[in-house]
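Take a moment to turn it around on your screen, and then we'll walk through it together.

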Amino acid sequence: MVRVRNRVRQFFRSVQEPGRPGARTPREREPRHNLFEAAAVYVAACAEDDEQRGDEAAGWVSPEALSFGVTELACRAVIALARERDETPQSVARSLLGLPTA
């Protein structure tokens with residue numbers, strides 16, 4: 001988890017500091033999309049089998065940022081469902097994946 005946070009911080013620094021190697025220019029950042037917005041659109045598009053929209057959202061941010069956003073979205077969704085069902089996050093996650101409860 002610490003490695004993921006460090007990578008996210010490194011990513012944000014590269015975007016915010018244009019003089020650094022690998023930094024994006026203002027033109028490359030437009031239109032500016034939040035990584036969580038990209039993750040939400042990407043996951044919803046996948047759920048709706050809308051490949052074109054998923055590909056569009058995947059292009060809004062780097063693959064690493066999208067992966068982080070999708071992971072964060074999955075964690076939040078499992079926690080919300082677990083609270084709603086009064087179950088543990090582990091049992092909800094296993095249920096969603098069709099796995100037997102441990």
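What follows is a short tour, going from the overall picture to a few individual residues.

A couple of ground rules to start with. This is a predicted model, in which local features need pLDDT of at least 70 and side-chain atom pairs count only at pLDDT 80 or more, while totals for chains, interfaces and linings use all residues. Residues are numbered from 1 along each chain as its sequence is written, and side-chain values use heavy atoms, leaving out hydrogens and water.

Let's begin with the fold. The protein chain has six helices and zero strands, so helices and strands deserve a quick word: they are DSSP runs numbered from the N terminus, with helices being H or I over at least four residues and strands being E over at least two. Following the sequence, you'll read the pattern α-α-α-α-α-α.

Now for how the chain packs. Of its 102 residues, 23% are buried; "buried" means under 20% relative accessible area, "exposed" means over 50%, and "partly exposed" is in between (1.4 Å probe, protein chains only). The chain exposes about 7800 Å², and carbon and sulfur atoms supply 52% of that. These areas come from the Shrake-Rupley method with a 1.4 Å probe, and for residues only the protein chains shown count as cover. As for contacts (heavy atoms within 4.5 Å), take those with a separation of 6 or more: 41% of them join residues 24 or more positions apart. F68 sits in helix α5 and is partly exposed, at 21% relative accessibility.

Next, the charges. Side chains of opposite charge can pair when their charged atoms come close. Here, a salt bridge is a side-chain nitrogen of Lys or Arg within 4 Å of a carboxyl oxygen of Asp or Glu, and by that rule there are two. One joins E56 and R53, with the closest N and O atoms 3.2 Å apart. Because these two are three residues apart in helix α4, about one helical turn separates them. E56 is partly exposed at 40%, and R53 is partly exposed at 32%. The other bridge links R76 and E72 at 3.0 Å, N to O. They are four residues apart in helix α5, so again about one helical turn lies between them. R76 counts as exposed at 52%, whereas E72 is partly exposed at 24%.

Where do you find a negative surface patch? Look at E48, D49, D50, E51 and D55, which form it. Patches are made of residues with over 30% relative accessible area and no salt bridge, with like charges joined within 9 Å and nonpolar side chains (Val, Leu, Ile, Met, Phe, Trp, Tyr) within 5 Å. Lys and Arg count as positive and Asp and Glu as negative, while His and the chain ends are not counted. A charge is placed at NZ of Lys, CZ of Arg, CG of Asp or CD of Glu. D50 lies in the loop between α3 (35-47) and α4 (51-58), and D50 is partly exposed at 31%.

D49 is found in that loop between α3 and α4 too, and it is exposed, at 70%. Its backbone is worth a look. Most residues other than glycine have a negative phi. Phi of D49, however, is near 55°, a positive value. D86 has a positive phi of about 55° as well, although it is not a glycine. You'll find D86 in the loop between α5 (63-85) and α6 (89-96), where it is exposed at 72% relative accessibility.
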